[in-house]
Amino acid sequence: MRNARDFAVTVLALGLAGVIAGVLWSLAAPRPPYVVTDQGPLLADPTTQALIAADGWFAIIAGAIGLACGAIGYSLSRRGRPLAVVLGLGAGGLLGSYVALLVGRAVNLGAVTVAASGTSTHLIAGPLGLTAQGVLLAWPVLAVGLFFALESIAGYRDSPLRRPFGGEDPYGPLSAYDISDR
């Protein structure tokens with residue numbers, strides 16, 4: 001029962017963190033400029049890098065939050081139920097990324113509308129979106145990856161394999177004669 005509770009709390013916490021990530025992404029990501037014509041909105045500059053920059057900002061924000069969640073999850077799971085937390089980091093990271101995408105699109109902070117002078121066309125900042133859907137995996141992969149890296153370090157540090165022969169030198173203590181021969 002505690003495993004289910006730890007899993008659910010982790011998933012819900014990361015889902016709520018997705019709201020914060022979405023607002024941050026909406027503030028940081030540039031918008032591609034569109035021109036509104038009689039046919040509808042058209043990309044003002046087809047060679048714009050704003051579409052790629054929005055993906056990059058999403059990956060940076062989701063990755064940073066994923067690393068923070070992995071570290072926090074590891075420190076809180078040291079009490080004995082790491083499997084539920086690891087699974088929660090994976091599922092909650094996916095949920096958090098998706099919530100961040102939805103919130104970033106809905107909030108649309110930083111969008112600017114500029115009217116062109118004397119014409120019926122308007123230059124507007126386009127909606128926020130992702131062109132590379134793979135950046136949605138940045139959060140869960142980095143959270144789970146950091147958790148496993150920290151667990152590996154702690155496991156190695158506590159391992160008896162780190163101190164073979166019970167921590168003693170298998171060839172005996174060095175004498176003054178052994179040192180002078182070198």
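## Basis of the model

The model is predicted: local features need pLDDT of at least 70, side-chain atom pairs count only at pLDDT 80 or more, and totals for chains, interfaces and linings use all residues. Residues are numbered from 1 along each chain as its sequence is written, and side-chain values use heavy atoms, with hydrogens and water left out.

## Overall fold

The protein chain holds five helices and four strands. Both are DSSP runs, numbered from the N terminus: helices are H or I with at least four residues, strands are E with at least two. Along the sequence the pattern reads α-β-β-α-α-β-β-α-α.

The protein chain has 182 residues, and 32% of them are buried. Buried means under 20% relative accessible area, exposed means over 50%, and partly exposed lies in between (1.4 Å probe, protein chains only).

## Annotated transmembrane regions

The unreviewed UniProt entry places the feature "transmembrane region" at residues 7-28, 56-76, 83-104 and 124-150. UniProt positions follow the numbering used here, feature names are shortened, and annotations may be inferred rather than shown by experiment.

Two of these stretches can be checked against the model. Residues 7-28 are 100% helix and 0% strand, with end C-alpha atoms 31 Å apart. Residues 56-76 are also 100% helix and 0% strand, and their end C-alpha atoms are 30 Å apart.

## Helix α3

Helix α3 spans residues 82-107, which is 26 residues. From first C-alpha to last it reaches 35 Å, close to the 38 Å expected at 1.5 Å a residue. The expected span is 1.5 Å times one less than the number of residues. N108 follows α3, and its phi is positive, near 55°.

G92 lies in α3. At 0% relative accessibility, G92 is buried. G92 and P140 are 48 residues apart in sequence, yet 7.4 Å apart in space, C-alpha to C-alpha.

## A nonpolar surface patch

L87 also sits in helix α3. L87 is partly exposed, with a relative accessible area of 48%. Together with F7 and L83, L87 forms a nonpolar patch on the surface, with about 300 Å² of accessible area in total.

Patches take residues with over 30% relative accessible area and no salt bridge; like charges are joined within 9 Å, and nonpolar side chains (Val, Leu, Ile, Met, Phe, Trp, Tyr) within 5 Å. Accessible areas come from the Shrake-Rupley method with a 1.4 Å probe; for residues, only the protein chains shown count as cover.

## Contacts around D6

The structure holds one salt bridge. The side chains of R5 and D6 form it, at 3.5 Å from N to O. A salt bridge is a side-chain nitrogen of Lys or Arg within 4 Å of a carboxyl oxygen of Asp or Glu. R5 is partly exposed at 45% relative accessibility, whereas D6 is buried at 15%.

The backbone oxygen of D6 lies 2.7 Å from a polar atom of the T10 side chain. T10 belongs to helix α1 (residues 2-28) and is buried, with a relative accessible area of 13%.

T48 is in the loop between β2 (40-43) and α2 (50-76). T48 is buried, at 17% relative accessible area. T48 and P33 are 15 residues apart in sequence and 8.3 Å apart in space, C-alpha to C-alpha.

Methods
Polar contact = N/O pair within 3.5 Å; in protein donor to acceptor, adjacent residues only side chain to side chain.
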